[in-house]
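Welcome, and please load the model in your viewer. We will go from one selection to the next and look at what is there.

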Amino acid sequence: MKLPIAQVAPSGIKNKPFVLTKPLKVSLSWGDKMYIPKGYWTDFASVPKVVRLFVDHIGQDSTAFVIHDYMYNFGGYKRDGRTKERAPSKVTRRVADAEMRYQMGLYGASKARQFTFYWAVRLFGWLRFKK
């Protein structure tokens, strides 16, 4: 199975340094499809800077972080790119965090890397969820 890769460019914005240059469509662990539109800004991992000192947050699993950022920003996800789509599907922080870990595994992250990022967002994610 070929996994979609988030295609980004520098955004010039300090807190969200990357912007999607193409829409991203992914399959979620429970079978739904998720759509992230072109122009979405991301930092590839809204984790505390102290964690970034020890673990690089940009890598082959960066698409998992874009998925997670989107779920955190909106408290949910859209199933397609139609502008008049019914209300987005809602997710809890716990679901968004578990999905990030699942997607990291699909993109080849080690168990240690998955564990580190999962627990970083579990412990500190409340600071960013839906903000």
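Contact here means heavy atoms within 4.5 Å. This is a predicted model, in which local features need pLDDT of at least 70, side-chain atom pairs count only at pLDDT 80 or more, and totals for chains, interfaces and linings use all residues. Residues are numbered from 1 along each chain as its sequence is written, and side-chain values use heavy atoms, with hydrogens and water left out.

Start with glutamine 103, which sits in helix H3; helices (H or I, at least four residues) are DSSP runs numbered from the N terminus. Leaving aside residues up to four places away in sequence, glutamine 103 touches Ser27, Leu28, Ser29, Ala64 and Ile67. Is glutamine 103 buried or exposed? Glutamine 103 is buried, with a relative accessible area of 1%; buried means under 20%, exposed over 50%, and partly exposed in between (1.4 Å probe, protein chains only).

Next, select aspartate 97 and arginine 93, both in helix H3 (residues 93–106), 4 residues apart, about one turn of the helix. Their side chains meet in a salt bridge at 3.9 Å, N to O; the term requires a side-chain nitrogen of Lys or Arg within 4 Å of a carboxyl oxygen of Asp or Glu. Aspartate 97 has a relative accessible area of 0%, and arginine 93 is buried at 17%.

Shared partners join Arg93, Asp97 and Arg122 into one network.

Move on to aspartate 61 and arginine 113, a salt bridge of 2.7 Å, N to O. Aspartate 61 lies in the loop between helix H1 (49–54) and helix H2 (62–74), and arginine 113 in helix H4, so the pair ties together parts 52 residues apart in sequence. Both residues are buried. The whole structure has 4 salt bridges.

Finish on leucine 123, in helix H4 (residues 111–124). Leucine 123 is exposed, with a relative accessible area of 53%.

Terms used: Helices (H or I, at least four residues) and strands (E, at least two) are DSSP runs, numbered from the N terminus.
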